[in-house]
Amino acid sequence: MTSTPRRAVCPGSYDPVTVGHIDVFRRAAALFDEVVVAILHNPAKQGTFTVEERVALIHDEVADLGNVRVEAFANRLVVDVCTEVGAQVLLKGLRGETDFSYEWPMGLMNRHLTGVETLFMPGDTRYEHISSSLVKEVARFGGDITGLVPDAVRTALVERLPRA
């Protein structure tokens, strides 16, 4: 038995968080002692939601999970976030081959830099067509995003985005 908690970081911009992201957080919570949902952002870039709004929206969706915390980190490498929070693992949800092709070299680089391992969790196939950018585009053109994002995110997104 080890006294070191098994801690994973789930990094992303989460602008906005989708039901696919929430699914990965919940599944990760069952596998690790602690999951840190790390909202990585560049303060020089304007997002659809502020970082504080993203933290609150995600927190509301995982509040029932005692081992998931949501934190924001700016202008740093995700491996440095892992070191800061004491995480041994980066956990990335994958929707398909395109995600894998994008994430694979980053996982290798992250291991090269600090030794942190990247684990890939296959996404639930019900959500493989959902991405934050597609959700925003559908909402911008008046499409129904019900079921693609949590209800609170849907309401906030519809209010926030100008209609095209």
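At what angle do the axes of helix α1 and helix α2 cross, and within what distance do they come?

Author: The model is a predicted one, and what follows describes that prediction.

Two packed helices are described by the angle between their axes and the distance between the axes. Helix α1 covers residues 19–29 and helix α2 covers residues 51–62; their axes cross at roughly 55° and come within 11 Å. The crossing, as α1 passes α2, is right-handed.

On the α1 side, the contact is made by Ile 22, Phe 25 and Arg 26. On the α2 side, Ile 58, Glu 61 and Val 62 take part. Sorted by class, the contact of α1 with α2 has four nonpolar residues, two charged residues and no polar ones.

Asp 23 also lies in helix α1. Its relative accessible area is 16%; buried means under 20%, so Asp 23 counts as buried. The side chain of Asp 23 makes a polar contact with the side chain of Arg 27, at 2.9 Å. If neighbours within four places in sequence are left aside, Asp 23 is in contact with Asp 124 and Tyr 127.

The loop between β1 (7–12) and α1 comes next, and Pro 16 is found there. A cis peptide bond joins Asp 15 and Pro 16, with omega about 5°. Tyr 14 has its place in the loop between β1 and α1 too. Tyr 14 is not a glycine, yet it has a positive phi of about 50°. With a relative accessible area of 6%, Tyr 14 is buried.

A positive phi of about 50° is also found at Asn 75, again a residue that is not a glycine. Asn 75 sits in the loop between β3 (68–74) and α3 (78–85). Its relative accessibility is 57%, and the cut-off for exposed is over 50%, so Asn 75 counts as exposed. Tyr 14, by contrast, is buried.

Ala 72 is found in β3, and at 33% relative accessibility it counts as partly exposed. Not counting residues up to four places away in sequence, Ala 72 touches Ile 39, His 41, Val 51 and Val 55. Of these, Val 51 and Val 55 carry numbers that fall in α2, residues 51–62. Ala 72 and Thr 98 are 26 residues apart in sequence, and their C-alpha atoms are 26 Å apart in space.

Thr 118 lies in strand β5, residues 117–122. At 16% relative accessibility, Thr 118 counts as buried. Beyond its neighbours within four places in sequence, Thr 118 is in contact with Leu 90, Lys 92, Gly 107 and Asn 110.

To return to the part you asked about: the α1 and α2 axes come within 11 Å and cross at roughly 55°, in a right-handed crossing. Ile 22, Phe 25 and Arg 26 of α1 make the contact with Ile 58, Glu 61 and Val 62 of α2. Asp 23, in α1, has its own contacts with Asp 124 and Tyr 127.

Technical notes
Residues numbered from 1 in each chain as written. Predicted model: local features only at pLDDT ≥ 70, side-chain atom pairs only at ≥ 80, totals over all residues. Heavy atoms only, no water. Axes fitted to C-alpha atoms, helices over the stretch in contact; angles between N-to-C directions. Helix = DSSP H or I, 4+ residues; strand = E, 2+ residues; numbered from the N terminus. Left-handed = near helix turned anticlockwise from the far one by under 90°. Contact = heavy atoms within 4.5 Å. Nonpolar A, V, L, I, M, F, W, Y, C, P; charged D, E, K, R; others polar. Buried < 20%, exposed > 50% of the residue type's maximum accessible area, 1.4 Å probe, protein only. Polar contact = N/O pair within 3.5 Å; in protein donor to acceptor, adjacent residues only side chain to side chain.
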